[in-house]
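Thanks for coming, everyone. Let me put the model up, and then I will walk through it.

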Amino acid sequence: MTTADWFSSPDDATGRLAATGYLADPATATTAYLAGALEKPLLVEGPAGVGKTELAKAVARASGAELVRLQCYEGLDEARALYEWNYKKQLLRIQATQATGDAATWDETHDDIFTDEFLLTRPLLTAIRREEPTVLLIDEVDKTDVEVEGLLLEVLSDFQVTIPELGTVTAVRRPFVVLTSNATRELSEAVKRRCLYLHLDYPDAEREREIVSSQVPDLEERVAGQLVTTVARLRELELKKAPSIAESVDWARTLIALEIRDLDDKAIADTLGVVLKHASDHDRAVRELRLRR
């Protein structure tokens with residue numbers, strides 16, 4: 001099995017991730033380095049919008065690897081996660097064989113239609129079969145049913161997938177696996193045991209200001225400070241959805257577009273829709289922050 005050199009050290013991870021626009025703190029850089037060095041899947045848990053998915057994308061960009069993404073959702077099954085057979089194409093092959101009068105036995109027909117030609121690969125199997133460096137992102141794994149975690153265990157443990165009709169497919173080159181979770185439900189101990197763990201939370205004010213400034217360099221430092229302070233105040237409120245880091249960046253770009261050079265009460269009230277996406281959150285923020293229009 002071929003392995004990939006993802007990062008040579010935590011410092012290397014910090015620098016190369018930063019070059020892609022992802023500012024990793026020491027814990028994140030160290031865990032990303034270890035995930036590659038130990039060839040262990042990385043489970044990243046935390047609230048929505050703190051950069052969990054973006055970390056996987058940044059690893060792919062930093063390493064020049066292909067990103068293969070499995071977006072999890074309620075009702076996800078093996079056919080959407082691993083593979084399924086192209087039944088229509090198989091049926092056409094059987095009909096074509098019958099039409100030509102070839103007296104093939106069932107065993108011969110079975111061997112003919114259960115081949116790669118008729119296999120529809122889904123993200124998990126696609127990542128396992130790739131010979132090039134690959135980052136496998138299993139996004140929002142907590143949204144799936146508990147049963148789906150069983151599908152993941154073989155991949156996470158042995159980096160292989162068993163297809164009854166074809167046998168076991170083992171990775172030639174192990175992918176860099178990132179699982180993300182918003183912690184809406186507790187994941188099984190079996191899954192956790194196979195992974196390194198990283199908890200990401202909203203960054204402190206200094207770190208978020210660095211992120212905003214790196215993404216929107218035209219924003220004045222004073223205004224960036226006002227924005228980060230306001231976002232922190234919003235996150236302290238009991239909102240349906242607290243502003244994400246990406247929404248902080250969007251807000252900064254909004255201020256540039258509107259040529260707002262001072263984030264006063266009116267400017268906040270006029271642009272709240274960029275960071276708050278529920279009417280009740282908007283009303284609460286106006287009330288709690290005592291904004292004047």
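First, a definition. Helices (H or I, at least four residues) and strands (E, at least two) are DSSP runs, numbered from the N terminus. Now the ground rules. This is a predicted model, where local features need pLDDT of at least 70, side-chain atom pairs count only at pLDDT 80 or more, and totals for chains, interfaces and linings use all residues. Residues are numbered from 1 along each chain as its sequence is written, and side-chain values use heavy atoms, with hydrogens and water left out.

Overall picture. The protein has 14 helices and nine strands. Its radius of gyration is 24 Å, well over the 19 Å from the globule rule for 293 residues, so the protein is more spread out than a compact globule. That radius is taken over C-alpha atoms, and the rule is 2.2 Å times the number of residues to the power 0.38. The C-alpha trace spans about 85 × 40 × 35 Å along its principal axes.

Next, burial. Buried means under 20% relative accessible area, exposed means over 50%, and partly exposed is in between (1.4 Å probe, protein chains only). Of the 293 residues, 45% count as buried. The protein exposes about 14,700 Å², and carbon and sulfur atoms supply 48% of that. Those areas come from the Shrake-Rupley method with a 1.4 Å probe; for residues, only the protein chains shown count as cover.

Contacts. A contact means heavy atoms within 4.5 Å. Take the contacts with a separation of 6 or more: residues 24 or more positions apart account for 75% of them.

Now helix α8, residues 146-158. E154 sits there. Buried or exposed, or in between? E154 has 25% relative accessibility, so it counts as partly exposed. Leaving out residues up to four places away in sequence, E154 touches F159, Q160, V161 and T162. With T162 there is also a polar contact, side chain to side chain, at 2.6 Å. By polar contact I mean a pair of N or O atoms within 3.5 Å; within protein, one must be able to donate a hydrogen and the other to accept it, and residues adjacent in sequence count only if both atoms are side-chain atoms.

Stay with F159, one of those partners of E154. F159 is in the loop between α8 and β6, the latter being 160-163. F159 is buried, at 2% relative accessible area.

There is another positive phi. E259 has phi near 55 degrees, and it too is a residue other than glycine. Its place is the loop between α12 (245-257) and α13. E259 is exposed, with a relative accessible area of 69%.

On to α13, residues 265-271. T271 is in that helix. At 4% relative accessibility, T271 is buried. Which residues does T271 contact, beyond its neighbours within four places in sequence? They are W251, T254, L258 and I260. The side chains of T271 and W251 make a polar contact at 2.8 Å.

W251 comes up again with T230. T230 lies in α11, residues 221-235, and is buried at 5% relative accessibility. Setting aside residues up to four places away in sequence, T230 touches W251, L263 and I268.

S8 is in the segment before α1 (10-19). It is exposed, at 58% relative accessibility. The C-alpha atoms of S8 and E147 are separated by 36 Å, and the two are 139 residues apart along the chain.

Two helices to finish. T28 lies in α2, residues 26-37, and is buried at 2% relative accessibility. T28 touches Y22, L55, L198 and L200, again not counting residues up to four places away in sequence.

D112 lies in α6, residues 106-113. D112 is partly exposed, with a relative accessible area of 29%. Beyond neighbours within four places in sequence, D112 contacts R93 and F118. D112 and R93 are 19 residues apart in sequence, and their C-alpha atoms are 8.7 Å apart.

That is the tour. Questions, please.
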